Amino acid sequence: MEFKKEFLQKLQSAKKIVFFTGAGISAESGISTFRGKDGIWNKMKPEELASFDAFMRNPDLVWEWYQHRRDIVNKAQPNAGHTAIAEFEKFFDVSVVTQNIDNLHRSAGSKKIFELHGNIERNFCINCHTFYNSLEIELSNTVPKCSKCGGLVRPDVVWFGEMLPQDEFSEGEKAAEWSDICFVVGTSAVVYPAAYIPMSAKRGDSYLVEVNIEPTELSSYADYSLFGKAGEILPKILEEVKKFKS
Ligand code: OAD
Ligand code: ZN
């Protein structure tokens, strides 16, 4: 794979790198994306499953759906894309800003991770806000109750209409703004406010590189678009880095 010279030069001089990732980076680990051909939102209505109202209307149904996703995530392994991102840390100051709730960046070894949409392993009581990780509660197909107050326990993920975790978002934005290169990997970049991250990078004069199997909303803003699978392209970029860093 041939990369353009301008990009290789940026890579040589870069110190801070941000990876802004979405469902596409986990596609090769067997986790479905939301949009596109086999996307989850083609088969399910987000407003019936991923909102607080939906949860209050039918907590068991929503819980069962997250339990199903938890099972998929628990079986999934990080792929070559996640692993390459983790390895970039040997050479750069790397921040990972992810929309994914699947923990695969952490399993791959990335250290500085900002999770904009929460984490499926964490849950909390909607009454008293006690947190429970998935090992601390009974994981059946019906919604668990808080052992302190009996309230319903929900997954700690961001649902439609909800705020993003403030610190994760503002730290993620800062990292993007201060980065020398911002890779936007496997995201349709249409869900806000998460999709402001690449814009913050641009505002900070970062070099914006898109890695996706197809063009997206972002392609016209990107300084460089690389079309193909994240699990194939990211290791190739890492190879280039190794050439001049070793
Ligand atoms: P989407 O499903 O919207 O987009 C996935 C993107 O990944 C698409 O642009 C695909 O072309 C691309 N893609 C698929 N396979 C790929 C591969 N092997 N390599 C590289 N790219 C690939 O997922 P997100 O952008 O993450 O929000 O969606 C954003 C948010 O919408 C999610 O976090 C979720 C959803 O509603 C919440 O749950 C709050
Ligand atoms: Zn409680």
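Biologist: Where does Asp205 lie in this predicted model, and why is Asp205 called exposed?

Modeller: Asp205 sits in the loop between helix 10 (196–203) and strand 8 (207–212). Its relative accessible area is 71%. Exposed means over 50%, so Asp205 counts as exposed. The C-alpha atom of Asp205 is separated by 7.5 Å from that of Asp180, although the two are 25 residues apart along the chain.

Biologist: Ser206 is also in the loop between helix 10 and strand 8. How do you know whether Ser206 is buried or exposed?

Modeller: The relative accessible area of Ser206 is 3%. Buried means under 20%, so Ser206 is buried.

Biologist: What holds the zinc ion (ligand 2)?

Modeller: The SG atoms of Cys125, Cys128, Cys146 and Cys149 coordinate the zinc ion (ligand 2), at 2.3 Å. A donor has to be within 2.8 Å of this metal.

Biologist: Why is the arrangement around the zinc ion (ligand 2) called tetrahedral?

Modeller: The four donor atoms subtend angles of 97 to 116°. The rule asks that all angles lie between 85 and 135 degrees, so the arrangement around the zinc ion (ligand 2) is tetrahedral. The ideal angle for four tetrahedral donors is 109.5 degrees.

Biologist: What makes Cys125 and Cys146 a pair that ties parts together?

Modeller: Cys125 belongs to strand 4 (residues 118–125), while Cys146 is in the loop between strand 5 (131–133) and strand 6 (153–157), so the pair ties together parts that are 21 residues apart in sequence. Both cysteines are buried.

Biologist: Asn123 lies in strand 4 too. Why is Asn123 called buried?

Modeller: Its relative accessible area is 0%. With the limit for buried at under 20%, Asn123 is buried. The side chain of Asn123 makes a polar contact with the side chain of Arg70, at 3.0 Å. Contacts of Asn123 beyond four places in sequence include Trp63, Tyr132 and Val153.

Biologist: Why is His129 called partly exposed?

Modeller: His129 has 46% relative accessibility. Buried is under 20% and exposed is over 50%, so His129 falls in between and counts as partly exposed.

Biologist: Which residues come nearest to ligand 1?

Modeller: Of the 24 residues around ligand 1, the nearest are Phe34, Arg35, Thr187, Ser188 and Asn212. A polar side-chain atom of Ser188 is 2.5 Å from an oxygen atom of ligand 1.

Terms used
Residues numbered from 1 in each chain as written. Chains lettered and ligands numbered in written order. Predicted model: local features only at pLDDT ≥ 70, side-chain atom pairs only at ≥ 80, totals over all residues. Heavy atoms only, no water. Donors = N, O, S within 2.8 Å, 3.2 Å for Na, K, Ca; no water. Tetrahedral: all angles 85-135°; square planar, octahedral: opposite > 155°, others 65-115°. Helix = DSSP H or I, 4+ residues; strand = E, 2+ residues; numbered from the N terminus. Buried < 20%, exposed > 50% of the residue type's maximum accessible area, 1.4 Å probe, protein only. Polar contact = N/O pair within 3.5 Å; in protein donor to acceptor, adjacent residues only side chain to side chain. Contact = heavy atoms within 4.5 Å. Near = heavy atom within 4 Å.
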